[in-house]
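I set out to record what I looked up in this structure, entry by entry.

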Amino acid sequence: MSALVSLCVVVPLLGAMITLGLRTVGRLRDVITLGSLAATSVMAIVLLVHVEANDTVVVRVGEWAPQLGIVLVADMFAVLVLGVAVLTITIVELFAMGQRRSASGADPTIVGPMLLVLTAGVTLSILTGDLFTLFVAFELMLVASYVLLTHQGRAGQVRSGMTYVVINLFASTLFLFGVAFVYAATGTVNMAELAERIPELSNGVRWGIGLWFLVVFGTKAAMFPLFSWLPDSYPTAPTTITAVFAGLLTKVGVYVMIRFHVLTEMDQLGPVILVIAGFTMLVGVAGALAQDDMKRILSFHIVSQIGYMLMGLGLFSVAGVAGAIIFIVHQIPVKTVLFLVGGLVETERGTSSLERAGGLIAKRPWIAALFALPALSLAGLPPFSGFVAKLALLDAGVADGSTIIVVAALVASALTSLSMVKIWLGVFWGSGDDHPEVALPERVGSGPGRLMFAATGAALALTLTIAVVAGPLWSMSERAATELLDGDVYVDTVLGDTVLEAGDS
Amino acid sequence: MSLTMVLVVGVLTGVGTYLVTSRVLSRIVLGFALLGHAAVLALTTAAGPAGDPPLADRSSPSDTSNPLPQALSLTAIVISFGLTLFLLALARRQHQLSGDDLVEDDLEDRRIAQDEHDR
């Protein structure tokens, strides 16, 4: 089992190496990219089943003591997110293959390998058991995302890519400073040891470390007020890339925030996080209402939904954290499928602007259906996964007595449905091009191919499955939350019986 | 923890942050180079007092400096080096596209500002 944990990181990296070497053979590159992603998905699911039935799997890379070497920890929280994340990336790669087939020629060689590097970064961020490896994993993920965002080199991409790179680079530098502070205060970067030592620090130092990492992870997670880079940069990238970014990058930010802040018992930050969560929800959804392009609306919704996850974290209760976990699991495929539909609309109409891509329901009812289901799920209507996740969070909020955040969550939810209606009216109803004098850009190929539809359908199936298995999923999330809040289990499994001699760390 | 190191980290961070807030891309690149140095120095300072080189069998464990942050610093240096190169490449592309190396105005912001102005 422990080999699988390392392989989840190694296989995508190996695939990236091989595909980078194959500059000319298009078909073979596709097969290897998809093959390594599919293999990683299978491993992630096997891990999920194994951890669900047994206990946390810990890997000490190179058999070093966990205090000195790298540890990978596959606990319940990790494998839950890992499974959904890798499956989603695999589906997007399928979509991208379909897109390459229906578009004529132009097949950027760098996308496949970089997608694999991104996957390795995501799996490593999820599995890692120490703060510095987390920094390296973030860099792996971000470097790949910088390249994916700007590889076409168009003016808009370079402009917004610049903002994206500069802000994330600054956050990375802050991260490194944070590692230095934590090391100076505790003498370790291992999460399990931090879980024991940070709660023993003086109150001021704990506030300092907690807030510092809130800013660092919050920038990656696009929480209020650090989200401005996101709605600017995401819509400029090609659809498949935006779909991966939207589904994964911000959620990995929230994931590590939950892991770090809950394990190190930063309960005192709760009220701060709740206030931020409320603003993130409302400002994000207000931004979405003001937009008139499908991809930009959806980008603002990424921000808004991050607020819900922060709300769960801010409650610092088992129900709250479990709600945040199930929200992450629901959000990754839903966000991706919505952006994939955006890609279908763009391929069909040549634009995702609401004013110009109209009347699609008559011509392509399938696209409308593929949009409607995840949109309802995003808005949180029963019986979809969004309803389950939001209900869990609201329940936790009410149980905690935090009425204001519950009201904010409900308002944001209503506004989300409103902006989904706006997309529906703009893209699917209406007569289509109201401005025929402005010529639509050349159609890409001959409309969306079968594989693109199949991939979007598969992503949709994944979100529906989450709604169907909501019961078991909820008990898994609860177990994950309990393990995080009661850090003893984590600490014991990671550190085991290794005790370093005094003065050795 | 030596005062000199702390001062150097402070000055590097200050100058680096000032440069990053600039509009000229080449200055932003330089700013990040300085910030990267500052973070790495902070990491090595966090290791505690300096000592003998941490080589197995050659020095007694009580006199050596802490090797772990040094290993972390090496990794961080490599990463920040690579990212500086990427930023430079991006600045070069910007130069190709627009003929200068300034960060461009945000078109969306300008459009909204223009709408307000027209009203």
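**Entry 1: the interface**

I began with the two chains and found 33 residues of chain A in contact with 36 residues of chain B, contact meaning heavy atoms within 4.5 Å. I noted that this is a predicted model, in which local features need pLDDT of at least 70 and side-chain atom pairs count only at pLDDT 80 or more, while totals for chains, interfaces and linings use all residues. Residues are numbered from 1 along each chain as its sequence is written, chains are lettered from A and ligands numbered from 1 in the order in which they are written, and side-chain values use heavy atoms, with hydrogens and water left out.

I then looked up the area buried between chain A and chain B, which is about 2900 Å², with 80% given by carbon and sulfur atoms. Buried area is the accessible area (1.4 Å probe) that two parts lose on being put together, summed over both. In chain A, the residues that lose the most area to chain B are Arg159(A), Met162(A) and Tyr183(A), together 21% of what that side buries.

Which elements give two or more residues to the side of chain A that touches chain B? I found α5 (131-150) and α6 (155-186) of chain A; helices here are DSSP runs (H or I, at least four residues), numbered from the N terminus. The most comes from α6(A), with 16 residues. I recorded 21 nonpolar, 7 polar and 5 charged residues on that side, where Ala, Val, Leu, Ile, Met, Phe, Trp, Tyr, Cys and Pro count as nonpolar, Asp, Glu, Lys and Arg as charged, and the others, Gly among them, as polar.

**Entry 2: Pro69(B)**

I placed Pro69(B) in helix α3 (residues 67-98) of chain B. Is Pro69(B) buried or exposed? Pro69(B) is buried because its relative accessible area is 0%, and buried means under 20% (1.4 Å probe, protein chains only). Leaving aside neighbours within four places in sequence, I found Pro69(B) in contact with Tyr183(A), Leu43(B) and Ala47(B).

**Entry 3: Ser36(A)**

I found Ser36(A) in helix α2 (residues 26-53) of chain A. Ser36(A) counts as buried because its relative accessibility is 8%. The side chain of Ser36(A) reaches the backbone oxygen of Ile32(A) at 2.7 Å. Leaving aside neighbours within four places in sequence, Ser36(A) is in contact with Val11(A), Gly15(A) and Leu116(A).

Conventions
Buried < 20%, exposed > 50% of the residue type's maximum accessible area, 1.4 Å probe, protein only. Polar contact = N/O pair within 3.5 Å; in protein donor to acceptor, adjacent residues only side chain to side chain.
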